[in-house]
Amino acid sequence: MTRCTSFRGLRACVLAVFVVTLAGPGLADNLRIPAPKLTPDVERRIDALLERMTLADKLGQLSQQWGGETQDMNPDARQRALDDILGIVRAGLCGSFLGAHGAEYTNVLQRVAVEESKHKIPMLLGNDVIHGYRTIFPVPLGEAASWDPDLVQAGAAVAAEEARAAGTHWTFAPMIDVSRDPRWGRIVETAGEDPYLGQVMAVAHVKGFQGGDISAPDRVMACAKHYVAYGGAEGGRDYNTVDISMQTLYEVHLPPFEAAVQAGVGSLMSAFNEINGVPASGNPLTLDKILRNDWKFRGMVVSDWTSVTEMIAHGYVVDPAHAARVAITAGVDMDMCSFSYRDTLAESIKAGLVDEAVIDLATRRVLRMKFALGLFDNPYSDPDREARVTLSAKNRGVARRLAARSMVLLRNEDNTLPISTDVRRIAVVGPLADNARDPLGTWEGRGRAEDTVTALAGLKARAGSDIEITYAKGCETRGGTADGIPAAADLARAADLAIVIVGESEDMTGEGHSRSEIGLPPLQQQLVKAVHATGTPMVVVLMSGRPLTVNWEAENAAALLEAWHAGSECGNALADVLFGDVNPSGKLPVTFPRRVGQIPFHYNHKNTGRPPTEERYTSRYIDLPSSPLFPFGYGLSYTTYAYSDLQVATPRIKADGTLEVSATVRNTGQVAGEEIVQLYIRDLVGSTTRPVRELKGFQRISLAPGEEKKVRFALPADRLAFYNPQMQRVVEPGRFKVWIATSSAEGLEGEFEVVR
Ligand code: GLC
């Protein structure tokens, strides 16, 4: 088979492959999507529908628009808006909405679709259920910090249960972009900088959202996004150019998407960004050759909001008609909100610029997912079920556990934490302490501030009557004045312990919210320093959607905890951790740089020809240490662990062999704890240079005080593969290092060799 490595060459290859795909299998011969309802009979029903549908009907199915509730309008405007939406449904002009919520409202839309439209095709209702629907979980970067895929999966299952009950069939999640740039606002939505952790979290979310049957009343179809390499935006500036090597595309950005496809994700969302000059929403390499031909994906692809017509601004297409042709031909089945499919493809087909078979294939894929979701048999939602499952105690319990596990203890001098039983008065200060909205983070779904257990409320509830909790806001999250800082400092001065809760407002993170500086806002820094000056032991709690360059706090706080935007149960989870009911086990899924000037700065970097030392002529900055503030994989506990006795049972393995390595981990402290034991490797010599470390596995172990366990890893040599200069995926013979470690910056080191 010819190697399609140049893009021009690729287009030829893809077109050839694309023609083959058109005549390809009907029902997926190796469908991985959990869809027992996709029986052979379904293909016949789709064939029959396609026979009856006009081109306009098909283009309607390929169009998605905002069908959001109108509850914030006045009754007259609301009725007009609803009549417009129902008219669109009745005419079959749109087969999918986003923004429609609630069993009652969505049933109104669905009833018109199923009973009054020409072909009685149900609507496919999608929404951004990113980290919870009404019960809100930690932001995904926080979820990843738990390194607990089972718990993340449970959280996604809760989100699916609440969303489906409220009429949402399809979530535009998980967001599985890999990001190495904390200036990027959307790093908050990712699993951080590592492709392997990204794969693990992608699979956990897909399984949680979809379960074993996406037609079930408590499951939704997932959507792996943003396909692909959106996290590679230059400068961490949202929507910016992505110019990366093919090795970086294949080794860093694609793996979580391949894992999601292997896990059976039902859909993908094509991204806004270009990839080396070709926009992701019109890219035949990624959308057809890789996704359809190599990975055998059988689900559907939706564009990200107007990313189809944004190819005009990219300078890749001339006009909406050209954009629509390029996107549909490359493999974007459904157009979100650009209307270019509905408005221009009929003309393009009449002009012979697009084959109607392309439209039929896309329509088949969309109809197939509507059948898979059971919408033809059960199009409606049950308002009673919605009331019953939403914000249930069970759901809140999962959110509380995941929030506590997501928190990362970064510093704890003199065992300041957990809070000592001697403490009688705690001053809680800061703009995020009694704050119900910001802890829900960005993409808060249908989460409501009134549902949030704030940090202050959680701490008060846990302190009970034995401990006095005083509170002062001190300053605003952003802007405002320093007027409140003295009063906050006075409270701290009069207390046994000060807990300063600072960080980012939710709108400092997320889409369109990239930051050029990533420290605490000045007044918050001033508040922290004023509290520190009182001499009262100070715990700094960060609530953020990204790493922060908290150099001063990392040096001067008695304890420092990254709590992220932790969701509806943030206060209870924070109290669980600070009072020691939960021993923190979180590990950083992303490097904390000392300064923005170090970025991009990630643990799995290359060694260069002059790795950084104190020497002048090495790869370093003259005004900053070459190390991070906190490394990937780092996180402390209330206990301590000792790693010993690394054993490489297989010092020489073949390319089809398995590396077997183990080490002993002992709890050398006074309290029980859970440790995330990490496995890293380094390929010392390769036909393309290799990172100085690569995460290849991790295990969570529980250890009582004094207990030790032998932790074993069995790593198939295939997991050592990488792409050589000819873009062939290879496992090359040679020497490797291996670590079993508590973070990416340390660990027990061993060696092994891959032999022919
Ligand atoms: C947004 C985001 C995407 C989201 C979509 C629908 O612009 O990029 O993540 O799913 O539009 O809200």
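These notebook entries record what I looked up in a predicted model, taking the ligand and then the domains.

**Entry 1: the ligand shell**

**Entry 2: polar atoms facing the ligand**

I next looked up distances from side chains to oxygen atoms of the ligand. For Asp128, a polar side-chain atom lies 2.5 Å from a ligand oxygen. For Asp304, an N or O atom of the side chain is likewise placed 2.5 Å from an oxygen atom of the ligand. For Glu511, the distance from a polar side-chain atom to a ligand oxygen is 3.1 Å. I also checked how far the ligand is covered: taken alone it exposes 310 Å², and the protein buries 93% of that.

**Entry 3: domain layout**

I turned to the division of the chain into domains. Domain 1 is made of two segments, 7-17 and 639-754. Domain 2 spans 68-127, and domain 3 spans 404-598. Glu511, noted above for its 3.1 Å distance to a ligand oxygen, falls within the bounds of domain 3.

**Entry 4: domain 1 against domain 3**

I recorded a separation of 34 Å between the C-alpha centres of domain 1 and domain 3. In this pairing, 10 residues of domain 1 are in contact with four residues of domain 3. The two domains bury about 530 Å² between them, with 36% of it on carbon and sulfur atoms. On the domain 1 side, Glu674, Ile676 and Arg700 lose the most area to domain 3, together 61% of what that side buries.

**Entry 5: polar links between the two domains**

I counted five residue pairs in polar contact between domain 1 and domain 3. The count of salt bridges between them is two. I also looked up the salt bridge in which the side chains of Arg405 and Glu674 meet, with an N to O distance of 2.8 Å.

Terms used: Residues are numbered from 1 along each chain as its sequence is written. This is a predicted model: local features need pLDDT of at least 70, side-chain atom pairs count only at pLDDT 80 or more; totals for chains, interfaces and linings use all residues. Side-chain values use heavy atoms; hydrogens and water are left out. A polar contact is a pair of N or O atoms within 3.5 Å; within protein, one must be able to donate a hydrogen and the other to accept it, and residues adjacent in sequence count only if both atoms are side-chain atoms. Accessible areas come from the Shrake-Rupley method with a 1.4 Å probe; for residues, only the protein chains shown count as cover. Domain bounds come from an automatic or database domain assignment. Contact means heavy atoms within 4.5 Å. Buried area is the accessible area (1.4 Å probe) that two parts lose on being put together, summed over both. A salt bridge is a side-chain nitrogen of Lys or Arg within 4 Å of a carboxyl oxygen of Asp or Glu.
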